[in-house]
Amino acid sequence: MFFRMVKGVLFRQKGKMAMIAFTIALGASLATAMLSVMYDVGDKVNQELKTYGANITVVPKEASVVSDLYEVEGASTIPTSYLKEDELGNVKTIFWAFNIVDFAPFVSTEVNIDGRDVTMVGTWFNHHMSLPTGEELDAGVVSMRSWWDVASGRWLDESKDGDAAKIMVGSQLADQLGVHEGDKVSLKGDAKGGSYEVAGVFEAGGDEDSQIYAPLDLVQDISGTDGLISSIEVSAITTPDNELSRQAAKDPSKLTVAQYETWYCTAYVSSICYQLQEVITDSVAKAVRQVAESEGAILDKTQLLMVLITVLALIGSALGISNLITASVMERSQEIGLLKAIGAHDQAISALLLTEIIIVALLGGAIGFGAGYGFAQIIGYSVFNASIALSPMVIPLVVLLVIVVTLAGSIPAIRTVLRLDPAEVLHGR
Amino acid sequence: MKRQTMYFRMITASLARRKSRMLVALLAITVGSTILAGLVTVYYDLPRQMGEQFLAYGANMIFVPSADSEGMRSEEIDEAVAQIDADVEGAISYCYESATINDAPIIIAGCNLEETLKTSPYWQINGALPSGDNEILVGLEQAEFFSLDVGDTVSIAYLPPDAVREGEQIIGEVEGKVYQDFTVTGLLDTGSSEEEYFFISDTDMSELIDSDLTYDVTELRVNADADELAASVEKIKQTVPGVSPQLVKRITESQTTVLSKLSALVLLVTIITLALIMICVATTMTAVVTERRREIGLRKALGASDRSIMLEFMGEGLLLGFIGGLVGSFLGFGFALLVSTNVFNSTITFLPALIPVTIVVALAVTALACILPVRNATKVDPALVLKGE
Amino acid sequence: MALLELKNVYKIYGDLHALDDVNLTVDEGEWVAIMGPSGSGKSTLMNIIGCMDKPTRGQVLLDGKDIANESSRGLTDIRRDKIGLIFQQFHLINYLTALENVMVAQYYHSMPDEKEAMEALKRVGLGDRAKHLPSQLSGGEQQRVCVARALINHPELILADEPTGNLDETNEKIVLDLFRQLHDEGTTLIVVTHDAEVGASAQRVITLEYGKVTSSHGDTSFGKAARKDVV
């Protein structure tokens, strides 16, 4: 009989029950969407922050990254020691390989153009790699220097035939030399010289504007540094630094075994640096503080902001749901009075109402969960052009929220209604 | 008694004597309005607040001497800075000079060291920034090369350019070479080329080279968006001939990209949250009104026209909407303030215009939520409503 | 002169003839009781007379005007201007005081007048209970508020549906006395009831069975004949 009554309410009072289910679905979808976005926003913003360029540079142990910030005269810019090109693949074999989203090798040399000394840099532009793990990766400066503008012509592309012997010229240098896209530039390096076609002119807003960029192999040929590179820039998704990572960055050997495990298995910029040094012979991997520190700050702020907005949205949907449930229980005071009048115990009535409401809530919650996941994807695709991953934490949180909120909304209302005198209620006063 | 008086008497009686139901409805509207006002305030202030976070990436504008000038005088720099319309968070000028330590060439930079962290907050200093005379900050690379540590003393030799004669050896004892001892107070770790330099205060630098400083570069952190920055650059180019302002593209472009994504994120989140919450508010209002079908039937039986019933219920709803909207707009500002103190450690601009907007939205939502159920109830025969218990 | 005239009125729900060829005339100043067992069509007849429902077929003339063709808006206006309603369930607005409940009827009719409303309440003996909410009043008091509300606009016709159904004997007597006073003042009263006592107070009793008028006793020495008919 109990279930017959529950069934009766669910199927014969479709309108009201549908409205409750609808509101719960709304609340649950809001909770799902916000929680999903909140859990994934770190990764997504981290990806966006990659536009600031590499956060790790790997250089040979003996040498230093000598590239002059503001071209002060007298600074030597050509390194004398090198890393091995054939070890580049190792970058994607470290523990946190999956967090490395982009990297590019660099080799630089001085070349002579009409008596003028110019820095020429060899690198990857859009280098396609098939990794042993089966992962496909396009890496290079096209994505790592997202702030560069190609003023005329186009980016070089390793996969295009004939691009192996073309170069790109910085805008200042192009002005000084008077060269344009399609022109040929004669230059002479340490090992070799030749005439190379300009594929494009770029504007970088920095020193690179007076340099030449060319494919790695070409520059190695010209400078006679086959198989050698002078630095690697790595873009990695990292966890903001904390006390442990700062301590580890100074000297990992001073950590306890447990601390070391934690540090090594967390994507701190210092642990990724450490792991890169392990796989590349005679190298020093350094965090580019300007990028790494700022990323941490912005990530923390964004996540905190999303957490607060999520909390507000959750409170809002919780109040919305419990409010409606309270209203709907109050509305049934007559029916409850009648049940009491014909001899139903309070527990029996409460059980009946709660069962009905929980069934409706779970139904609405399930629909809302689906809809909320959809909303999360809308946010993901329209803001970040990527899907929002479903965090395993979201499902139990939403289920918990729906149940707690429904109970919180219905129990006080049921108690109030039960306290009423059946006779009064029936006479509709 | 006037009709209006009775009208208000009925509405206020309904609100005051049906406390629990009205509280339910009022709560719903207040929550909706709070979320509206809170999220909109946060969204509105986000570019400014987040922009401050992006300061951590360092300078977004630099001044270099224009092509026909050797260096920038500090008056020129001040004049140029004054041309910028937006907030200038920091402007640090650097003067670079070549010098030697034990005949090994080095570059020293003279600047207002205490201020450097304003434009380069990412600098990690092991030790402390120089604060007294003849103290020096050493880049990590150079510290390793010269085996320097905090507390060590280093002797720096400077040869003024006019003392250098054509083709003459500058290594070793040269006439005119100036020597000065510096105490190392800190080592600089940045992961990039700053680690190549030695940093001293501009007064020490001025003494070392024995002349007034002209600067080679000024790093500025301007809290403005890309368009405002471009406008300032143009203005300086026009008005201060000795200074050539340039944007640090990497910082400005990236900030625009990331900030626009973040704004879009908060905007979308705001829209979805608001849409859902407003529907929630509407369903609650609907439930509260639907409950009163019988009363509507009775009023009809007493001879009330559909119009006057609609007016009464709308009046009630709108009054609730007004109160809820008013309270909500202040609570929402409270939320925004909470966000900005907790997340951004700063206060937030109160938007007075948001109060009427919030109230209007609250009124519109409650009105919409009342219209449907009241209209449905007025369509029903009063007889059926009164009989159908 | 006939205030209300029903000519060949039918109300048909699907196969059910709730009213089946009802003919009825009520004169001005008359006190009529409509009686009959449940399901006999009393309520339907009451709804039609009260302008809350329209017949499927037939004519309902109120003051010589056919309400069968009125729009629901027109019906509302007629109800407001000519009819005072009294319900078995009282149907007071529970958040308004007794006085305000009376004033609501004035408000919809024309202009709320607190003094007049107070007079009406005094008349039903509730002058001292004017500021009470319905929940603070007894059933009988509530019904008296309902009566005050019905007569406040001086309707041509007072229509009461089981007015004593929820009342004890004392209150029933008070309400019937009020009706008697109204009748003496010349108000037309139609009372739907299945209580013989109430029916017997009326001038004329109309009995309904299966939607048909089975008897109509006009009686100047009212009481006996009607009672016999019902029992």
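These questions and answers cover a predicted model, taking its chains A, B and C in turn.

Visitor: Into which domains is chain A divided, and how many Å separate their centres?
Guide: The domain assignment of chain A gives domain 1 as 2-46 + 296-426. Domain 2 of chain A covers 55-287. Taken over C-alpha atoms, the centres of the two domains of chain A are separated by 53 Å.

Visitor: How far apart do the C-alpha centres of domain 1 and domain 2 of chain B lie?
Guide: In chain B, domain 1 is made of 3-53 + 257-387, and domain 2 runs over 60-247. The C-alpha centres of these domains of chain B lie apart by 59 Å.

Visitor: Which helix of chain A gives the largest share of the side that touches chain B?
Guide: The contact takes 63 residues from chain A and 60 residues from chain B. On the chain A side, helix 2 (14-49), strand 14 (283-287), helix 9 (289-331) and helix 11 (346-384) each supply at least two residues. The largest share, 25 residues, comes from helix 9 of chain A.

Visitor: How many nonpolar, polar and charged residues are on the side of chain A that touches chain B?
Guide: Chain A brings 63 residues to its contact with chain B. Sorted by class, this side of chain A has 7 charged, 21 polar and 35 nonpolar residues.

Visitor: Why is chain C said to be as compact as a globular protein of its length?
Guide: Chain C has 8 helices and 10 strands. For 231 residues the globule rule gives 17 Å, and the radius of gyration of chain C is close to that, so chain C is as compact as a globular protein of that length. The radius of gyration of chain C is 17 Å.

Visitor: What does the C-alpha trace of chain C span along its principal axes?
Guide: The span of the C-alpha trace of chain C is given along its principal axes. The values are about 45 × 40 × 35 Å.

Visitor: Are helix 5 and helix 6 of chain C roughly parallel or roughly antiparallel?
Guide: Helix 5 (residues 139-151) and helix 6 (residues 169-184) of chain C pack with their axes 9 Å apart, at an angle of about 15 degrees. Angles under 35 degrees count as roughly parallel. Helix 5 and helix 6 of chain C are therefore roughly parallel.

Visitor: Is the crossing of helix 5 and helix 6 of chain C left-handed or right-handed, and which residues of helix 6 make the contact?
Guide: The crossing of helix 5 and helix 6 of chain C is right-handed. Helix 5 of chain C makes the contact through residues including C:Gln143, C:Arg144 and C:Val147. From helix 6 of chain C come C:Asn171, C:Ile174, C:Val175, C:Leu178 and C:Leu182.

Conventions. Residues are numbered from 1 along each chain as its sequence is written. Chains are lettered from A and ligands numbered from 1 in the order in which they are written. This is a predicted model: local features need pLDDT of at least 70, side-chain atom pairs count only at pLDDT 80 or more; totals for chains, interfaces and linings use all residues. Domain bounds come from an automatic or database domain assignment. Axes are lines fitted to C-alpha atoms, for helices over the stretch in contact, and angles run from 0 to 180 degrees between N-to-C directions. Helices (H or I, at least four residues) and strands (E, at least two) are DSSP runs, numbered from the N terminus. Angles under 35 degrees count as roughly parallel, over 145 as roughly antiparallel, 65 to 115 as roughly perpendicular and the rest as oblique. A crossing is left-handed if the near helix is turned anticlockwise from the far one by less than a right angle, and right-handed if clockwise. Two residues are in contact if their C-beta atoms, placed from the backbone, lie within 7 Å. The radius of gyration is taken over C-alpha atoms; the globule rule is 2.2 Å times the number of residues to the power 0.38. Ala, Val, Leu, Ile, Met, Phe, Trp, Tyr, Cys and Pro count as nonpolar, Asp, Glu, Lys and Arg as charged, and the others, Gly among them, as polar.
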